[in-house]
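I'd like to walk you through a few local details, so let me put the structure up first.

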Amino acid sequence: MNILEAMLSAQNGGAVRQLGQQFGLGEDQASAALAALVPGLAAGFARNASSGDGLAGLTAALAGGRHAGYLDDVASLAHPAATDDGNGILGHVLGSKDVSRALAARASQSSGVGADVLKQMLPVVAAMMMGAMAKH
């Protein structure tokens, strides 16, 4: 199962429903947003993991973090801690707010979800993605 599939199927679609409710989207829109954001985040994770320090940091975060809980208890995605955690992940993985904004703009074009909503959603999706990686 790939990361996107793990996120879409978490808690029998509960994570997608939670995202939809949290950001005012239907389930189809939330799924489309995930499908549009995850490849860009995955590329960032891959770039980050290609350096020795980045790989060590990712491995440590996956081993010692509470990330799996985001998919085990999807209600936790609505807590400010998930956004804070996700913003920290984005800082490591994407490096700058400009890169995050560009990812949201590209994802908006392919998903049909507004870039402003995707910018707000991105930290939560990053936290979910870490949760999916931690579980697998």
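So, how many salt bridges does a search of the whole structure find? The answer is two, and keep in mind that this is a predicted model.

Let's take helix 7, which covers residues 97-111. As for the surface, aspartate 98 is exposed, at 56% relative accessibility, while arginine 101 is partly exposed, at 41%.

Now over to helix 8, residues 115-135. Here aspartate 116 pairs with lysine 119, and their closest N and O atoms are 3.4 Å apart. Again we have a spacing of three residues, so about one helical turn lies between aspartate 116 and lysine 119. Aspartate 116 comes out as exposed, with 55% relative accessibility, and lysine 119 as partly exposed, with 38%.

Okay, on to the backbone. Which loop holds glutamine 11? That's the one between helix 1 (3-9) and helix 2 (14-23). Glutamine 11 isn't a glycine, yet its phi is positive, about 50°. Asparagine 12 is in the loop between helix 1 and helix 2 too, and its phi is also positive, near 55°, again in a residue other than glycine.

And are these two buried or exposed? Glutamine 11 is partly exposed, with a relative accessible area of 41%, whereas asparagine 12 is exposed, at 72%.

That's my tour, thanks!

Note on methods. Residues numbered from 1 in each chain as written. Predicted model: local features only at pLDDT ≥ 70, side-chain atom pairs only at ≥ 80, totals over all residues. Heavy atoms only, no water. Helix = DSSP H or I, 4+ residues; strand = E, 2+ residues; numbered from the N terminus. Buried < 20%, exposed > 50% of the residue type's maximum accessible area, 1.4 Å probe, protein only. Salt bridge = Lys/Arg side-chain N within 4 Å of Asp/Glu carboxyl O.
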